[in-house]
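Please look over the model below before reading on. The briefing that comes after it is written for a reader new to this structure.

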Amino acid sequence: MTAADRDPGLQPERTRLAWRRTTLTATVVALLAGRQALHSGAAPAALVAVALSALAWLGFLRVAHRRVTALGVARPEQFAPRGALAAALCTVALAVFAAAMLF
């Protein structure tokens, strides 16, 4: 059996659903970060962290949307390393900004 004969089955659909769940989680994290900053008195450092969190969220949303769209075909393209790196960097950035808002 060659790679061209491979039946992808439900794997692309499961992966697409996982990307959507991850995007929803990133959205909740970004919203909670904004809420935390507003309830803590909106210090300038917190506002900067919220703005950077929003940028990281938008970056992740872009990468995720492109991947979900690419997974909409029967035989999707392989995920580019550049996209994976961008998603990982956005995730790490969200974690760092969240930690910065707590301390």
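This is a predicted model: local features need pLDDT of at least 70, side-chain atom pairs count only at pLDDT 80 or more; totals for chains, interfaces and linings use all residues.

Residues are numbered from 1 along each chain as its sequence is written, and side-chain values use heavy atoms, with hydrogens and water left out.

**Helices α2 and α3**
- Helix α2 (residues 44–70) and helix α3 (residues 81–102) have axes that come within 9 Å and cross at roughly 160° (helices are DSSP runs of H or I, at least four residues, numbered from the N terminus; axes are lines fitted to C-alpha atoms over the stretch in contact, with angles from 0 to 180 degrees between N-to-C directions).
- That crossing makes α2 roughly antiparallel to α3, a term for angles over 145 degrees.
- The residues in the contact of α2 with α3 divide into 15 nonpolar, four polar and no charged (Ala, Val, Leu, Ile, Met, Phe, Trp, Tyr, Cys and Pro count as nonpolar, Asp, Glu, Lys and Arg as charged, and the others, Gly among them, as polar; contact means heavy atoms within 4.5 Å).

**Helices α1 and α2**
- The axes of helix α1 (residues 11–39) and α2 come within 10 Å and cross at roughly 170°.
- The residues of the contact of α1 with α2 comprise 13 nonpolar, five polar and three charged.

**Salt bridge**
- The structure holds one salt bridge (a side-chain nitrogen of Lys or Arg within 4 Å of a carboxyl oxygen of Asp or Glu).
- Glutamate 13 forms this salt bridge with arginine 16, their closest N and O atoms being 3.4 Å apart, and both residues lie in helix α1.

Key:
Helices (H or I, at least four residues) and strands (E, at least two) are DSSP runs, numbered from the N terminus. Angles under 35 degrees count as roughly parallel, over 145 as roughly antiparallel, 65 to 115 as roughly perpendicular and the rest as oblique.
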